[in-house]
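Reader: I have a model open and want to work through its packing. Can we take it point by point?

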Amino acid sequence: MNQQQPERKEHEEKPREGGKKDAPVKYGDVFTVSGELASKTVAPKDAAMMQTAENAVLGQTQKGGPAAAMQAAATVNERAGLVGHLDASDAAAQQGVSVTQTELPGACVITESLGGQVIGQTIQPRPVGQGKPGTLPQGGMGGAGATGKVTIGEALEAVAITAGDKTVEQSDAAAIQAAEIRATGNTGLVPGGIASAAQSAASMNAQTVRDQDKIRLGDVLTNATIKLTADKEATRQDAEGVVSAELRNNPNIATHPGGVAASVAAAARLNEGDN
């Protein structure tokens with residue numbers, strides 16, 4: 001006896017080729033983001049807002065940058081009839097988008113954010129005048145600033161701008177300690193140092209209920225070069241050590257975009273490119 005096939009309900013999505021159902025491209029599919037933003041659909045208005053921000057700050061839309069990636073994803077969603085041309089996500093409409101530039105010796109760090117999360121960070125090298133004084137404080141190691149190299153302390157200061165609003169967690173404290181050890185050569189916690197402050201902040205935050213009462217990375221890492229007893233230019237080995245420390249202490253086994261590990265790694269890549 002033939003079995004009668006169940007009728008397809010009108011509201012059910014039709015499968016794509018290969019058996020997959022139509023589904024919008026979401027931010028978690030395109031960028032390394034978390035929380036509600038990862039589940040938000042990339043909308044045309046979001047992409048337009050990021051393009052406007054890039055043009056205003058950088059003078060043009062960046063090839064292969066976040067705005068271009070958002071536009072491609074939004075176009076896919078619009079052509080599939082999943083969003084309207086004037087649709088915007090809650091993240092973009094309520095929290096907005098931002099593009100910032102952080103000046104470092106020999107480089108400019110461009111950070112792009114949406115909904116309070118970093119979705120892209122690039123480094124653009126720029127020439128440094130020969131003999132130009134460096135930015136290291138007195139007592140720093142070797143005058144790395146004068147060579148156009150980015151130091152570990154400067155990379156940490158950049159974090160205060162790119163991810164300064166992030167609450168300090170154990171993974172951040174571990175990465176900061178690894179960075180301080182490599183910058184100063186001191187294997188223990190330096191009393192009054194940034195690693196000690198970061199560890200205290202992470203412990204306090206773990207016991208603090210209200211998010212607005214928690215200590216942020218910006219509170220710990222602002223003027224990091226002054227707080228370090230010594231400093232040095234960031235190398236690949238330094239970056240590997242800092243990245244490893246952050247990964248080991250993060251339950252999600254991931255580094256934070258624009259965070260400590262990402263910034264030291266970016267500085268190391270820039271320094272290698274200058275060789």
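Author: α3 and α4 are roughly antiparallel to each other. Keep in mind that this is a predicted model.

Reader: At what angle do the axes of α3 and helix α4 cross?
Author: The axes of α3 and α4 (residues 66-79) come within 8 Å. Angles over 145 degrees count as roughly antiparallel. The pair falls in that class, and the crossing angle is roughly 160°.

Reader: Is the crossing of α3 past α4 left-handed or right-handed?
Author: The handedness describes how α3 passes α4. The crossing is left-handed.
On the α3 side, the contact is made by Pro44, Asp46, Ala47, Met50, Gln51 and Glu54. On the α4 side, the residues are Pro66, Ala67, Met70, Gln71, Ala74 and Glu78.

Reader: How do the residues of the contact of α3 with α4 divide?
Author: Pro, Ala and Met count as nonpolar, Asp and Glu as charged. Gln51 and Gln71 are among the contact residues. The division is 7 nonpolar, 2 polar and 3 charged.

Reader: Alanine 56 is in helix α3. Is alanine 56 buried or exposed?
Author: Helix α3 covers residues 44-58. Exposed means over 50% relative accessible area. Alanine 56 has 66% relative accessibility, so alanine 56 is exposed.

Reader: What separates the C-alpha atoms of alanine 56 and valine 99?
Author: The two residues are 43 residues apart along the chain. Their C-alpha atoms are separated by 8.8 Å.

Reader: How are the axes of α7 and helix α8 oriented?
Author: The axes come within 8 Å and cross at roughly 170°. The cut-off for roughly antiparallel is over 145 degrees. That makes α7 and α8 roughly antiparallel.

Reader: Which residues in α8 meet α7?
Author: The α7 side supplies Gln170, Ala173, Ile176, Gln177 and Glu180. The contact of α7 with α8 divides into 6 nonpolar, 3 polar and 1 charged. The α8 residues are Ile194, Ala195, Ala198, Gln199 and Ala202.

Reader: Why does the pair of tyrosine 27 and phenylalanine 31 count as stacked?
Author: The structure holds 1 aromatic pair. The ring centres of tyrosine 27 and phenylalanine 31 are 6.3 Å apart. Tyrosine 27 is buried at 0% relative accessible area, and phenylalanine 31 is buried at 11%. Planes under 30 degrees apart count as stacked, and these planes are at 20°.

Reader: Which residues does threonine 167 contact, leaving aside its neighbours within four places in sequence?
Author: Threonine 167 sits in the loop between α6 and α7. Threonine 167 is buried, with a relative accessible area of 12%. The contacts are Asp172, Asn205, Asp211, Lys214, Ile215 and Arg216.

How values were computed: Residues numbered from 1 in each chain as written. Predicted model: local features only at pLDDT ≥ 70, side-chain atom pairs only at ≥ 80, totals over all residues. Heavy atoms only, no water. Helix = DSSP H or I, 4+ residues; strand = E, 2+ residues; numbered from the N terminus. Buried < 20%, exposed > 50% of the residue type's maximum accessible area, 1.4 Å probe, protein only. Axes fitted to C-alpha atoms, helices over the stretch in contact; angles between N-to-C directions. Parallel < 35°, antiparallel > 145°, perpendicular 65-115°, else oblique. Left-handed = near helix turned anticlockwise from the far one by under 90°. Contact = heavy atoms within 4.5 Å. Phe/Tyr/Trp six-rings, centres within 6.5 Å; stacked < 30°, edge-to-face > 60°.
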